Amino acid sequence: MKALKFIALALIALLAGLLLGGLLLSPKFQVSRTVQIQASPEAVYALVASPRQWKLWSVWNQRDPAMQIEYSGPESGAGAVWAWKSKTEGDGTMSFTAAEPGRRVAYALYFPDFGTTSYGELRLQARNGGTELIWTMDGDMGKNPLFHWLALFADGMVGPDFEAGLARLKQVAERGSGA
């Protein structure tokens, strides 16, 4: 009986520690990755400004080919939207909120499982005969102190997906440009 009481108290202490520790952590996070692509900013822009083109290079689509995707709004640029349902990648909606051809695409990314919206941007700049692309995302995990732990590790969890997606985008863009 003493062992069960000890285990119960240890679990309560652990949960209290997670909750209190989470209250001390910031709910905000940022993820940023950069790639150099030997293709014009216009060619790269065409691949990032259209939700339908993300399927060619996004790591999330590669991991779940059965992902159900619905598109709405314009074909590309501000107002273009894609929503997905996936057993392995979760559900979400990405809405392109701003677009400057050959320069940048901004988006809002909503995950209903967390009730949070993150904001991101893909910024393109002509550099070294190609395009430097910087992909950033900022988010706020809200008031739930347990989600604050996710914010603490967001760069380590999402960063590798950004890296893999950018590597694939580089391949697709360079192959399309004849590089």
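Residues are numbered from 1 along each chain as its sequence is written, and side-chain values use heavy atoms, with hydrogens and water left out. Because the model is predicted, local features need pLDDT of at least 70 and side-chain atom pairs count only at pLDDT 80 or more, while totals for chains, interfaces and linings use all residues.

The protein has six helices and seven strands; helices (H or I, at least four residues) and strands (E, at least two) are DSSP runs, numbered from the N terminus. Their order along the sequence is α-β-α-α-α-β-β-β-β-β-β-α-α. The C-alpha trace spans about 70 × 35 × 25 Å along its principal axes.

Of the 179 residues, 41% are buried, where buried means under 20% relative accessible area, exposed over 50% and partly exposed in between (1.4 Å probe, protein chains only). Among contacts (heavy atoms within 4.5 Å) with a separation of 6 or more, 54% are between residues 24 or more positions apart. The protein exposes about 9900 Å², and carbon and sulfur atoms supply 62% of this area. Accessible areas come from the Shrake-Rupley method with a 1.4 Å probe; for residues, only the protein chains shown count as cover.

The largest pocket has a volume of about 610 Å³. On a 1 Å grid over the protein atoms alone, a pocket is an open set of points where a 1.4 Å probe fits, with protein on both sides within 12 Å along at least five of seven lines; lining residues have an atom within 4 Å of a point. Grid points are joined across faces, edges and corners, and the volume is the space filled by probe spheres set on the points. The lining comprises 28 residues, and Glu-89, Phe-111, Phe-114, Met-137 and Val-158 lie nearest the centre of the pocket. At least two lining residues come from each of α4 (59-63), β3 (81-85), β5 (104-111), β6 (116-127), α5 (145-152) and α6 (154-177). Helix α6 gives the largest share, five residues.

Thr-116 lies in strand β6. Thr-116 counts as buried because its relative accessible area is 7%. Leaving aside residues up to four places away in sequence, Thr-116 touches Leu-109, Tyr-110, Phe-111, Asp-140 and Met-141. Asn-128 is in the loop between β6 and β7 (130-140). With a relative accessibility of 64%, Asn-128 is exposed. The phi angle of Asn-128 is near 55°, a positive value in a residue other than glycine.
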